[in-house]
Amino acid sequence: MTVKLGMIKGRHEMPVDTYIIDTEINDVLDFETIDHLVAKGLEETLPLNGENGFLLTDDVEIYVTGLTSVTISIIKWINKNIALTDNMPKVYFMHFDMTTKEYKAQEYKGV
């Protein structure tokens, strides 16, 4: 199974039902607030195995909205909380291709 998450609800139409952040971002440079919203949203929406900490149980597609500050906060949270290895479920950032009108996956392998 693949879990599909949009970054910010209402920012763009996306093929998802669930969003990491479900409120409007008033200040895209308020990194502390964005980090808090991202952490809260990911902890509530990611398919995690709570018994062993933050281990993904399914592949995840994160649909990017274009707000770099939010994308970086998501990457920071993943790096801090999830071990991504070759035999684990994968994280993909999904980018909209204006030419084909389709999303293209970029696998994120962590640090």
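# Asking how we know: a guided look at one chain

Guide: S69 has its place in helix α2. Helices here are DSSP runs of H or I with at least four residues, strands are runs of E with at least two, and both are numbered from the N terminus. This is a predicted model, in which local features need pLDDT of at least 70 and side-chain atom pairs count only at pLDDT 80 or more, while totals for chains, interfaces and linings use all residues. Residues are numbered from 1 along each chain as its sequence is written, and side-chain values use heavy atoms, with hydrogens and water left out.

Visitor: Why is S69 called buried?

Guide: Buried means under 20% relative accessible area, exposed means over 50%, and partly exposed is in between (1.4 Å probe, protein chains only). S69 has 14% relative accessibility, so S69 counts as buried.

Visitor: What does S69 touch, leaving out residues up to four places away in sequence?

Guide: S69 touches V28, F31 and I34, where contact means heavy atoms within 4.5 Å. S69 and L29 are 40 residues apart in sequence, and their C-alpha atoms are 7.1 Å apart in space.

Visitor: Why does T71 count as buried?

Guide: T71 also belongs to helix α2. Its relative accessible area is 15%, so T71 is buried. Setting aside neighbours within four places in sequence, T71 is in contact with M7, V64 and F93.

Visitor: What makes T65 buried?

Guide: T65 sits in the loop between β3 (59–63) and α2. The relative accessible area of T65 is 7%, so the word buried applies. Beyond residues up to four places away in sequence, T65 touches M7, I8, R11, H12 and M14.

Visitor: What makes D35 and K76 a salt bridge?

Guide: Side chains of opposite charge can pair when their charged atoms come close. The rule asks for a side-chain nitrogen of Lys or Arg within 4 Å of a carboxyl oxygen of Asp or Glu. For D35 and K76 the N to O distance is 2.9 Å, and their side chains meet in a salt bridge. D35 lies in helix α1 (residues 31–45) and K76 in helix α2 (residues 68–81), so the pair ties together parts that are 41 residues apart in sequence.

Visitor: Now the whole chain. Which elements does the chain have, and in what order?

Guide: The chain has 2 helices and 5 strands, running β-β-α-β-α-β-β from the N terminus on.

Visitor: Why is the chain called as compact as a globular protein of that length?

Guide: The radius of gyration is taken over C-alpha atoms, and the globule rule is 2.2 Å times the number of residues to the power 0.38. The chain's radius of gyration is 13 Å, close to the 13 Å that the rule gives for 111 residues, so the chain is as compact as a globular protein of that length. Of the 111 residues, 39% count as buried.
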